[in-house]
Amino acid sequence: MNFITNPLILVTFFPLVGVLALLFIPADKKNVLRWTTLVASLLTFGLSIWMLTMFNKSNPDLQLGFSLPWIQVAGWNISFAMGVDGLSILLVLLTTFLTPIAILSTWTAVEERVKDFMIFFTLLEMGMLGVFLAQDLFLFYIFWEFTLVPMYFLIGIWGGPRRIYAAIKFFLYTMAGSILMLLAILWLGIYQGTFSVPELITKGGIPGNVQLWLFLAFAAAFAIKVPMWPLHSWLPDAHVEAPTAGSVILAGVLLKMGTYGFLRFNLPMFPEAALKAAPWMALLAVIGIIYGAAVSYAQKDIKKLVAYSSVSHLGFVMLGLFALNAQGIEGGILQMINHGLSTGALFLLVGMVYEQTHTREFSVYGGLWKIMPVYGAVMLIVSLSSMGLPGLNGFIGEFAILLGAFGSKAIGSPWFAGVAAAGVILAAVYILYMFQKIFLGPEGSIVEEVKKHGHALRDLNLREIVTVAPLLVLIFWIGLYPKPFFELIAPAVEKLLMAFPH
Amino acid sequence: MGSSGLFSLVPLIVFLPVAGLLINMIFGGRLSEKTIGAIASAATGLAFVIAVLLGVALWTGSGETVVVPFADWIHIGDLNVAWNFRVDTLSVLMMLVVSGVGTLIHIYAIGYMHEDVRFKHDIPRYRRFFVFMNLFIAMMMILVSGDSYLMLFVGWEGVGLCSFLLIGFWYDMDTLGRPSFANSNAAKKAFITNRIGDFGFLIAGFTMFWWFKSLNFGDVFSMATTIPAGVILFITIFLLVGVAGKSAQIPLFVWLPDAMAGPTPVSALIHAATMVTAGVYLVARSAPLYTLAPQAQTTVALVGGITALFAATIAVGQYDIKKVLAYSTISQLGFMVAAVGMGAFVAGMFHLVTHAFFKALLFLSAGSVILGMERGHHHLAHQEGHGSPESADREHRQQELSDSGHLEEVFDPGDMRNMGGLRKQMPVTFWLYLIGALALAGIFPLAGFWSKDEILADAFQKFPAVYWLLTIAAFLTAFYMGRQVWMVFFGKPRHAVAEKAEESPKVITVPLMVLAALAILGGALNLPGIHTLTSWLEHTIAGVEAGEFNFLVAGLSTGLALLAIFLSWLLYERQPLAEGQKDPLKKLLGPVFTVFERKYWVDEFYWAVFVNRYVDIARFLANVIDGRFWHDFVHEKVIAGTYNWLSRTVLDLGVDRHFIDAIANGLGELTKRISTSLRRLQNGFVRSYALAVLLGVVVIVGYLLLK
């Protein structure tokens with residue numbers, strides 16, 4: 001195997017080439033910096049598409065991968081191993097797809113320290129790609145922790161007024177969970193004699209009670225990241241303070257690292273424990289769905305509403321994963337993508353109006369549809385996607401998840417899905433509330449307020465339309481014809497399900 | 001092209017309206033109002049042509065169901081749902097009604113919206129109306145032509161969206177044109193109430209899948225007899241929740257009266273003729289399931305019967321011309337739901353069709369009345385006034401706004417108490433309205449007589465309790481329609497505006513004439529002894545039998561209708577209502593009338609018991625639980641506090657202070673260079689981090705040594 005031309009290596013580390021280029025550009029050449037980053041991220045996206053063309057969708061196993069001996073001391077068997085399969089390929093694509101969009105959104109929003117911002121952002125992309133592609137626990141852990149650093153600075157330097165508090169909270173929270181995961185990783189490496197994920201899965205043979213502890217240790221890290229109720233407290237703070245592009249990536253990709261962790265490690269490595277934990281995980285998921293929806297509705301800040309809606313949406317994903325049947329898991333994986341698109345788009349759109357108004361208080365908004373018709377229409381479509389309107393992407397995921405959970409033997413009762421389905425009503429309540437308070441009704445005081453500063457509210461400009469258009473295309477595509485996406489997911493999920501009784 | 005080839009045209013019934021909306025959306029900015037309206041009407045009209053062709057193909061062919069596959073959709077494990085169209089006599093009947101009535105309403109709207117956007121001073125919004133209307137037609141077509149419960153659900157929620165968009169069409173005002181959230185609140189209420197119904201639909205769908213392993217109509221119906229009766233009952237009852245939402249039945253009917261905030265063509269098309277009948281269609285479509293669940297049938301019939309009577313009593317006490325019709329629609333939907341609940345599927349569908357004709361006619365005529373009043377109002381403002389009519393009107397409005405303390409000062413063109421004697425100013429509209437009213441009242445030989453009578457005759461045989469509910473409701477129907485006609489068109493004008501009211505142009509009245517003709521002749525669809533509709537539908541719904549004409553039932557209901565009209569004449573025509581006078585029925589019934597007038601306080605009840613409680617709970621969770629307890633206390637005080645205390649204590653012991661500080665300072669230097677703004681937090685934070693990592697390593701090493 002030629003290490004240098006391996007598609008996974010290229011996709012993961014190409015952002016470093018971008019960073020290298022950025023280092024040589026003077027900090028005051030803001031537009032050159034922006035274009036360089038954008039081009040680098042687009043090339044990374046291109047590379048990921050190239051990877052997709054080489055991906056054999058009927059093969060359920062890890063593909064395009066490699067494993068090189070890396071750290072082999074004192075009986076530790078750490079390798080530099082990567083691979084991609086149906087569980088991760090869509091998340092890799094989502095990452096490379098959302099990054100250029102997020103960079104476009106910073107064009108006029110980030111004026112301070114553009115060079116540093118772009119470097120951190122590109123490093124963040126590399127870290128996320130590594131998380132989704134690593135197939136050695138040690139390597140995974142390095143990437144997992146690595147993503148914290150650039151995100152920490154993105155929030156802490158370019159964030160809102162309480163950015164430092166939010167950044168530290170984000171960092172410490174995730175760290176706290178990760179330490180438990182690190183312990184579990186070390187246990188596995190020492191007692192099972194390997195850190196390789198596929199080897200650990202085929203080897204199996206971990207006694208039931210140990211499995212449960214390991215499951216819980218991994219779950220601690222992932223549940224905080226998702227975040228599952230009641231570990232969500234860091235999320236609203238981080239989102240409210242993060243700059244728009246940071247929120248887009250945070251909601252769009254970083255949270256998925258948590259759900260992906262459950263899927264990649266907890267389910268196949270500890271199947272007995274997963275089966276035992278399923279009803280409890282489902283319970284937490286359902287509480288999160290209802291709680292997140294209700295708390296969303298009571299927010300006075302637009303971004304906070306969207307942040308809490310993530311708690312609700314990710315609850316759906318978790319419910320699907322622990323249904324442990326084809327509908328639930330495939331729906332869950334698709335819903336990770338859907339949430340990335342819809343909530344990513346919501347944060348983008350909120351950021352676009354914030355750039356003009358510098359406030360996110362619902363009370364000053366109202367009647368914007370008349371002044372900003374294109375913006376209103378785009379927001380409507382994205383909102384509907386977020387509340388799961390049939391024909392748009394969110395419905396496909398939610399429906400499959402609820403259907404799977406309703407008949408799940410692992411969860412054991414249709415009540416969970418029944419209550420979660422009520423969350424669909426509550427989603428309509430908070431989403432329509434948001435749309436109404438911004439776009440409908442009489443003109444809010446913000447319209448006059450902006451005029452006082454000498455300019456009027458304007459509709460989306462060409463750059464902004466170009467930024468959201470790809471998201472809209474996918475929202476419709478997945479809603480109307482999700483087949484190509486399910487085809488990528490299905491074989492790997494079927495293989496995963498072999499570990500569970502059916 | 002043979003008749004079988006015609007079936008492959010069916011996707012066009014969706015794609016034509018979609019094409020219409022896309023053209024208007026993309027190029028509409030450069031097109032004239034007439035062109036926009038023409039494109040939208042043509043798109044719907046062509047869909048009607050396709051529906052006719054499909055009907056012909058079924059008529060000349062065997063009449064059996066044809067499934068036309070279009071594309072794959074969702075395939076996960078056993079779940080396999082495709083975009084398949086179902087052409088059978090039931091779906092084609094619905095397509096004909098939706099696109100036929102829809103086309104007429106589109107044409108009417110060309111004229112109606114032309115004036116409406118001018119009265120409301122927002123001419124650019126004209127185009128948006130037709131985009132939404134075409135979207136509605138497309139969604140309704142998906143609803144009626146889908147071959148699975150899931151595809152039906154796409155249309156089901158899709159029409160709910162269009163309903164939301166069109167109720168809130170004047171989203172920045174209330175029904176009287178004052179800046180307000182009122183219209184958008186009505187829109188939101190409709191969407192959310194419908195979603196409660198959709199929740200029932202979803203639960204029914206999940207249950208169906210896990211028992212049938214399919215959501216396709218064909219599979220479900222052919223397997224239905226092999227599934228335990230309890231499961232079928234469960235599914236059908238939860239489907240009923242969906243029906244109650246969409247077809248505005250008890251307890252979810254509350255959204256429909258508020259939906260009248262939408263422009264009148266919307267009330268006619270969506271909230272009378274088509275969308276709200278989707279629930280009736282769903283029960284008829286699911287006939288193979290309902291016939292296996294007698295308890296569910298009883299429940300459906302009772303819900304329909306009680307709703308019919310309940311809504312009819314409210315209609316008696318309303319003053320708004322459209323509100324009367326809205327409650328009448330709820331009541332008539334109750335008739336249909338009761339019919340399909342009793343297993344009288346043909347009678348229910350028959351009434352669905354005739355009701356679409358005469359209720360669309362009534363709403364559109366009411367729209368013509370309202371426009372006539374608006375014109376009168378406009379003239380009056382112009383006469384009093386200064387400058388151009390536009391500015392005069394605007395000033396007038398502004399003045400009305402400025403003394404918003406006196407809301408009654410704002411003129412309401414839909415309030416029947418402001419009308420009176422309009423048959424002189426608007427003779428064409430009067431005659432059209434009269435035809436619609438008589439058809440609704442069930443007067444021989446208009447369409448409503450035949451279809452309502454078929455329902456009553458079936459109820460008389462199958463379900464006497466429901467028969468009596470419906471008969472009383474029919475009596476009240478004739479009464480409130482009589483009351484309305486006398487109040488609006490007879491007597492003397494009770495407001496200066498009513499004297500100045502003006503007749504509507506041809507683009508508005510001609511579609512009404514077509515509907516009037518249908519309201520007169522629609523009964524021919526299923527005349528006793530001929531039963532055209534019955535033999536048409538028996539290809540699709542197994543075991544339908546032609547109802548027998550019952551002279552006793554027909555005689556009684558006609559007698560009651562005439563009596564009701566006579567009573568309304570006594571009360572409202574012999575001594576016409578004068579300006580500012582109380583409703584004579586109020587004197588007669590006292591507090592009972594108040595109960596009708598205030599709609600049994602159902603809205604207030606729901607508000608107090610559900611809506612306000614949810615808001616309270618949401619605020620409590622957000623502020624107290626999530627904010628003060630979880631965020632401020634647990635995290636800030638307990639966790640962060642303990643951690644800080646611990647780290648300080650450990651560090652104060654002097655353990656490894658140098659080592660940790662070295663790391664901390666090194667990292668601190670590094671980050672300082674990156675961000676000066678972060679300097680404040682470097683030391684404490686990074687030191688804690690380093691400490692955490694150190695503790696972790698100690699624990700691991702300790703464990704490994706001691707194990």
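Helices here are DSSP runs of H or I with at least four residues, strands are runs of E with at least two, and both are numbered from the N terminus. This is a predicted model, in which local features need pLDDT of at least 70 and side-chain atom pairs count only at pLDDT 80 or more, while totals for chains, interfaces and linings use all residues. Residues are numbered from 1 along each chain as its sequence is written, and chains are lettered from A and ligands numbered from 1 in the order in which they are written.

**View 1. Ala339(B) sits in helix α15 (residues 321–341) of chain B.** Ala339(B) is buried, with 36 other C-beta atoms within 10 Å; a residue is called buried at 20 or more such atoms, exposed at 12 or fewer and partly exposed in between, with C-beta atoms placed from the backbone. Leaving aside residues up to four places away in sequence, Ala339(B) touches Ala344(B), Ala347(B), Gly348(B), His351(B), Ile455(B) and Asp458(B). Touching, or contact, means that the C-beta atoms of two residues, placed from the backbone, lie within 7 Å. Look also for Leu302(B), 37 residues apart from Ala339(B) along the chain, with 9.9 Å between their C-alpha atoms.

**View 2. Helix α11 (residues 244–269) of chain A packs with helix α13 (residues 302–321) of chain A.** Their axes lie 11 Å apart at an angle of about 25°, which makes α11(A) roughly parallel to α13(A). Axes are lines fitted to C-alpha atoms, for helices over the stretch in contact, and angles run from 0 to 180 degrees between N-to-C directions; under 35 degrees counts as roughly parallel, over 145 as roughly antiparallel, 65 to 115 as roughly perpendicular and the rest as oblique. From α11(A), the contact uses Ala251(A), Leu255(A), Thr259(A), Phe262(A) and Leu263(A). From α13(A) come Ser310(A), Leu314(A), Val317(A), Met318(A) and Leu321(A). By class, this contact has eight nonpolar, two polar and no charged residues. Nonpolar covers Ala, Val, Leu, Ile, Met, Phe, Trp, Tyr, Cys and Pro; charged covers Asp, Glu, Lys and Arg; the others, Gly among them, are polar.

**View 3. Chain B meets chain A through 49 residues of chain B and 52 residues of chain A.** On the chain B side, β1 (66–76), α6 (149–167), α7 (182–212), α28 (602–652) and α30 (679–706) each supply at least two residues. Helix α7(B) gives the most, with twelve residues. The side of chain B that touches chain A holds 31 nonpolar, eleven polar and seven charged residues.
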